[in-house]
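Let's take a friendly walk through a protein model, one piece at a time. Keep the sequence and the picture side by side as you read.

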Amino acid sequence: MYQADLMEHAARFRPAQQDPTSNLSACPALVLNADYTPLAYYPLSVWPWQTAIKAVFLDRVDIVASYDRKVHSPSLDMKIPSVIALRQYVKHSEFPAFTRFNVFLRDRFQCQYCGNPQQLTFDHVIPRRLGGKTTWENIITACAPCNMKKGGRTPKQAAMPVRRAPIRPTSWQLQQHGKRFPPNYLHETWRDWLYWDIELEA
Ligand SMILES: [Zn+2]
């Protein structure tokens with residue numbers, strides 16, 4: 001079949017049972033890289049079932065495990081993939097993008113002054129008015145109360161030491177941090193591919 005036909009074919013799939021209570025969106029596929037490690041840990045790399053099935057028909061992925069749940073098309077029945085592996089290895093860039101999310105992940109979603117995991121904001125360690133830059137090395141996760149308390153002062157002036165000196169992390173380091181945050185949803189077939197239990201305490 002040509003690619004267009006394949007896409008068309010995948011598009012014709014519909015749920016096996018049109019039961020409004022059966023939630024197909026609860027059947028995402030865990031996406032593994034070609035080396036069978038998750039493409040990303042946090043957020044965990046998962047695709048909706050439609051995307052996973054299209055990728056199967058386009059020969060871009062191998063099916064590693066499946067749900068019992070089937071979908072039908074006019075010409076075939078297919079179990080919904082629960083774990084798929086990319087055929088082509090996706091190389092991660094060495095350094096992650098400097099984003100709010102990645103700063104939180106570097107700091108493990110904890111205030112770097114008091115450890116509070118709630119009401120998280122960002123703080124310039126050296127305040128902007130004192131020339132502090134918006135960079136990996138000067139932005140840290142801080143809870144709102146600490147941020148207020150510190151105000152426009154340096155950590156030394158405020159007597160609020162930073163727990164971990166902010167650094168520019170590597171992608172590998174962020175992946176390690178991501179392993180600390182298991183997803184809410186974890187299908188049994190995923191467990192072999194996610195090693196949440198071997199956390200390394202830094
Ligand atoms: Zn705090």
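## A pair of strands to start with

Which residue in E5 is the bridge partner of lysine 70? The bridge partner of lysine 70 in E5 is lysine 79.

Two strands count as paired if DSSP finds at least two bridges between them. E4 and E5 form a hairpin, with four residues between them. In a regular strand, side chains alternate between the two faces of the sheet.

## How to read this model

This is a predicted model: local features are reported only at pLDDT of at least 70 and side-chain atom pairs only at pLDDT 80 or more, while totals for chains, interfaces and linings use all residues. Residues are numbered from 1 along each chain, as its sequence is written.

The term pLDDT stands for the predictor's confidence in each residue, on a scale from 0 to 100. Its mean over the protein is 85, and 84% of the residues reach 70 or more. Over residues 1-21, however, pLDDT stays under 50. Where pLDDT is low, the predicted coordinates should not be read in detail.

## The overall plan

The protein has six helices and seven strands. Both kinds of element are DSSP runs numbered from the N terminus: helices are H or I runs of at least four residues, and strands are E runs of at least two. Starting at the N terminus, the order of elements is α-β-β-β-α-β-β-α-β-β-α-α-α.

Two residues are in contact if their C-beta atoms, placed from the backbone, lie within 7 Å. Of the contacts between residues at least 6 apart in sequence, 62% join residues at least 24 apart.

## What is inside

A residue is called buried if 20 or more other C-beta atoms lie within 10 Å of its own, exposed if 12 or fewer do, and partly exposed in between, with C-beta atoms placed from the backbone. Of the 202 residues in the protein, 21% are buried. A nonpolar core is a set of buried Ala, Val, Leu, Ile, Met, Phe, Trp, Tyr and Cys residues joined through C-beta atoms within 7 Å.

The largest nonpolar core has 19 residues, and those with the most contacts inside it are Ala29, Leu30, Val31, Trp49, Ala52, Val83 and Ile84. Strand E2 (29-32), helix H2 (49-57), E4 and E5 each supply at least two residues of this core. A second, separate core has eight residues, including Tyr113, Ile140, Cys143 and Cys146.

E2 and E5 run parallel and are joined by three bridges. In E5, isoleucine 84 is the bridge partner of valine 31. Leaving out residues up to four places away in sequence, valine 31 touches Leu39, Ser45, Val46, Trp47, Ile84 and Leu86.

Now turn to H2, whose buried residues are Trp49, Ala52, Ile53 and Ala55. Why do they lie on the same side of H2? They cover an arc of only 160° around the axis, and this puts them on the same side. The arc is that of the directions from the helix axis to the C-beta atoms. After H2 comes aspartate 59, whose phi is positive, near 60°.

Proline 43 lies in the loop between E2 and strand E3 (46-47).

The loop between helix H3 (100-106) and strand E6 (120-124) contains phenylalanine 109. Phi of phenylalanine 109 is near 55°, a positive value in a residue other than glycine. Glutamine 119 is in the loop between H3 and E6 too, and it has a positive phi of about 50°. Are these residues exposed or partly exposed? Phenylalanine 109 is partly exposed because it has 15 other C-beta atoms within 10 Å, whereas glutamine 119 is exposed, with 12.

Proline 183 is found in the segment after helix H6 (171-178). With 16 C-beta neighbours inside 10 Å, proline 183 counts as partly exposed. Proline 183 and leucine 44 are 139 residues apart in sequence, yet 6.9 Å apart in space, C-alpha to C-alpha.
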